[in-house]
Amino acid sequence: MKKSEMFGFSLEADDRTEEEKSQNKAAQKPGGLASALGLSMEAPKAPMDTDYQEEMEASKPQIRFNLNFDKGIRGEEQPKNKGDSQTFTIDKLFEAVASRDVNKLDGLHQYLHQNMKKLSDSLYRSYGKTALMKALLHLRDGKNETAELLIQISEKMGDIKEFVNAAYTSNYYKGQTALHIAIERRSLAYVKLLISKGADVHAKACGGFFQPQDGPNFYFGELPLSLAACTNQPDVVDFLMDNEYQRANAKLADSHGNTVLHALVVVADNTPENTDFITRIYDHILRKVAQLNPKTNLEDTENRNGLTPLKMAAKTGKSGIFSHILQREFQESDIKHLSRKFTEWIYGPIHCSLFDLASVDSCEDNSVLEILVYGNDVLNRHQMLQTEPLNRLLEEKWKRFASQMFCFNFVVYFLYLIVFTVVAYNKKDGKPPFELEYNTMGYLYVSGQLLTLLANLFFFIIGITEMRRKRPKLQTLLIDGYYEILFFGQAILFLVSAGLYMCGQEEYLGFLVLSLALSWVNLLYYSRGDRHMGIYSIMIQKMILGDILRFLFVYVVFLFGFSAAVVSLLIEPPVRNHTVPVGRTRLYGSAPAEDCVKPTFRNISYTTLQLFKFTIGMGDVEFTEGYQYKEVFYVLLIGYIILTYILLLNMLIALMNRTVETITMESSSIWKLQRAITILDMEKRLPLCLRRKLRCGVEKNLGSASGGDQRYCFRVEEVNWNKWNINQSKINEDPGRIPLPVSDNTPIRTNRGRSWRGLVTDSSRQRRTHESTEMISLSTTPV
């Protein structure tokens with residue numbers, strides 16, 4: 001144990017002059033009144049490095065040994081400024097290593113030895129940055145000879161470990177060491193040199209710059225191994241994980257609980273180039289870990305949010321790496337247990353595969369399926385659900401139990417609508433609540449009311465539960481749909497109506513009919529059961545929340561603006577005639593006169609209604625007779641018609657046409673997502689025993705006879721014409737026929753020209769060659 005560790009402090013030599021010390025104290029002096037009031041601002045953020053004037057940190061309080069104390073005792077005058085060329089300050093060291101000139105460091109070792117200094121002393125650090133870090137930041141063609149010289153000198157001075165493991169101390173770059181910089185500079189040689197000298201392979205760069213945040217940042221998992229992996233350096237990864245000095249532990253996590261695999265998921269961006277290198281380095285690390293520690297399963301490690309790399313890829317919408325992890329298959333026998341896909345058999349273009357359902361199926365808590373289906377933050381989840389085996393797994397759930405439950409729910413809801421409509425239609429006149437009639441119709445009426453009340457109480461409770469669990473957001477309503485909110489609104493309207501009914505308020509009828517109308521609109525929710533009706537419903541939902549909502553916002557502005565202008569403009573003329581007390585009719589003689597009050601354009605509600613009629617082409621301009629300033633009114637009216645009837649309506653039509661064209665490309669996947677939400681909602685309402693009984697998949701032993709590997713898998717059969725010739729060697733089934741050899745006696749059929757059958761066959765083959773050769777589901781593609 002070192003003395004500094006034993007006593008809790010270290011002693012450093014100090015050869016600075018009194019003038020230099022006073023300058024440093026002046027730099028540390030607090031800022032007067034502002035500091036006294038606690039209003040002093042933080043020190044400016046120094047850059048990681050610069051080619052210009054370095055922003056040095058004021059030296060911190062440290063126990064130092066003054067080398068000039070004897071001169072003060074003897075009364076000798078100390079030099080104000082040391083002009084000795086052999087004196088090495090931090091500025092001189094930084095300048096020398098930045099210029100990559102080893103000649104400027106001549107005499108450094110002698111100076112340090114004579115003055116009992118070390119390169120790891122605090123006087124040679126600025127915000128924790130040492131001359132070695134500065135040298136590594138100024139590599140040219142991967143080389144800076146001053147770095148090797150500094151390491152040699154530090155090794156001779158006996159502080160090599162402190163020197164190579166020195167880290168930044170500023171909050172922004174805290175924890176970064178020379179090893180991080182060497183890896184970022186892609187210098188395997190310096191990585192090997194630093195680790196051979198005792199560099200810590202588990203040092204964590206945890207400053208703000210290395211954390212996921214708003215603004216410029218580079219999050220790579222804090223650890224050197226994660227940095228090498230995220231910057232696509234497999235050779236550095238291999239050396240870090242397998243060297244004779246200190247091996248990096250791949251299971252070690254950063255401050256967020258993320259391992260190197262989590263870090264790779266974070267830096268993925270779904271572009272083809274990025275996905276290619278991320279998947280390669282991901283598999284490379286898995287192979288390396290399996291080689292070094294065969295019993296270690298790195299993919300099962302969860303971070304602080306309870307997410308494995310697969311779940312994190314689903315949570316963050318990283319579709320490229322997500323698809324790779326789900327469908328990864330290793331052919332090597334020693335690492336085959338790391339696969340999540342196992343080819344069961346191949347016959348021609350047909351591939352039958354077993355997919356591992358661990359962490360995928362909704363039978364487990366916080367499964368991948370639940371993350372994607374209920375993840376409002378994952379904007380591309382409707383596309384990720386098309387990845388196998390998720391697509392076929394949801395289809396199997398729909399066929400096994402969800403379709404029957406969905407049809408049953410539809411029948412029950414339709415019966416509820418009939419009862420609700422009959423009860424509302426046979427409403428009673430007068431002031432509620434009404435007395436019970438003790439007859440058959442009275443009993444039926446009350447029974448219908450109670451049944452409707454119970455149904456809406458159910459919708460209200462389910463609505464609160466689902467919204468608390470899903471927490472829907474406005475930006476995701478276009479994808480998830482908003483029928484749950486409509487059902488909740490329907491229930492609230494009915495409960496308000498029931499409350500007013502019990503309080504004897506006749507206004508209950510208004511809320512009742514609104515709830516009835518909304519209940520019939522919610523019948524469209526069950527269009528999810530059919531593909532074509534579901535897609536049609538999605539288009540309606542998107543147009544309402546998208547184009548129509550924006551149109552209404554602008555239209556309401558124009559409507560009320562012009563209505564206010566018309567009301568302020570028109571002045572009614574004086575009344576020219578008087579009402580006769582008794583009126584006469586042509587057929588029936590005299591009749592009692594009635595006060596006939598005609599609404600005028602001084603009433604803003606009437607004006608708004610009339611201008612709305614102009615929007616739909618039903619306006620009438622006869623009302624201007626007898627009013628002043630008719631010319632100005634005509635100008636307002638023409639401007640209103642141009643802006644609304646001509647401009648806004650035609651823009652709405654054009655936007656809706658564009659929306660239909662856009663939705664057509666992804667409406668199928670959105671419909672499948674909405675149906676998946678329905679499937680999982682119904683599955684959660686099943687008892688636990690039924691959920692286990694209806695679970696999709698099969699339990700298989702995927703290991704060898706000597707060692708078992710029991711997993712719950714889901715079988716998927718796919719068609720892949722692209723691998724028809726590649727996988728010929730895997731066919732082990734007897735096709736049932738053996739081709740006969742052609743003998744000399746075999747009659748040769750002469751070419752009789754091209755028949756219609758041949759033309760059709762050739763054309764079908766030509767079309768087939770132009771089709772995509774990706775994996776396609778067997779159930780949707782004819783073989």
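Ser187 is buried, with a relative accessible area of 6%, where buried means under 20% relative accessible area, exposed over 50%, and partly exposed in between (1.4 Å probe, protein chains only). The residue belongs to the loop between helix H10 (178-184) and helix H11 (188-196); helices (H or I, at least four residues) and strands (E, at least two) are DSSP runs, numbered from the N terminus. Not counting residues up to four places away in sequence, Ser187 touches Leu139, Gly142 and Ala182, contact being defined as heavy atoms within 4.5 Å.

The model is predicted: local features need pLDDT of at least 70 and side-chain atom pairs count only at pLDDT 80 or more, whereas totals for chains, interfaces and linings use all residues. Residues are numbered from 1 along each chain as its sequence is written, and side-chain values use heavy atoms, with hydrogens and water left out.

**Overall composition**

The protein chain contains 29 helices and 9 strands. Of its 783 residues, 40% are buried. Among contacts in the protein chain between residues at least 6 apart in sequence, 72% join residues at least 24 apart.

| Residue | Location | Relative accessible area | Contacts, not counting residues up to four places away in sequence |
|---|---|---|---|
| Ser187 | loop between H10 and H11 | 6% | Leu139, Gly142, Ala182 |
| His284 | helix H15 (residues 272-292) | 25% | Pro234, Val237, Asp238 |
| Asn366 | loop between E4 and helix H18 (368-374) | 33% | Gly306, Leu307, Lys311, Ile371 |

His284 is partly exposed, and Asn366 also counts as partly exposed. In sequence, His284 and Asp238 are 46 residues apart, while their C-alpha atoms are 9.1 Å apart in space. For Asn366 and Gly306, 60 residues apart along the chain, the C-alpha separation is 8.5 Å.

**Packing of H16 and H17**

Two packed helices are described by the angle between their axes and the distance between the axes. Helix H16 (residues 309-316) packs with helix H17 (residues 319-326) at an angle of about 145 degrees, and their axes are 8 Å apart. Axes here are lines fitted to C-alpha atoms, for helices over the stretch in contact, and angles run from 0 to 180 degrees between N-to-C directions. H16 supplies Pro309, Leu310, Ala313 and Ala314 to the contact, and H17 supplies Ile321, Phe322, Ile325 and Leu326. By class, this contact has 8 nonpolar, no polar and no charged residues; Ala, Val, Leu, Ile, Met, Phe, Trp, Tyr, Cys and Pro count as nonpolar, Asp, Glu, Lys and Arg as charged, and the others, Gly among them, as polar.

**Helix H24**

The 14 residues of helix H24 (residues 508-521) should span 20 Å at 1.5 Å a residue, and the end C-alpha atoms are 20 Å apart, which agrees. The expected span is 1.5 Å times one less than the number of residues. Tyr508, Leu512, Ser515, Leu516, Leu518 and Ser519 of H24 are buried. The elements covering these buried residues include helix H20 (390-425), helix H21 (440-470) and helix H23 (483-502).

Strand E3 (residues 341-347) and strand E4 (residues 350-356) run antiparallel and are joined by 6 bridges; two strands pair if DSSP finds at least two bridges between them. Cys352 in E4 is the bridge partner of Trp345. The hairpin has 2 residues between the strands, and Gly348 takes a positive phi near 65 degrees.
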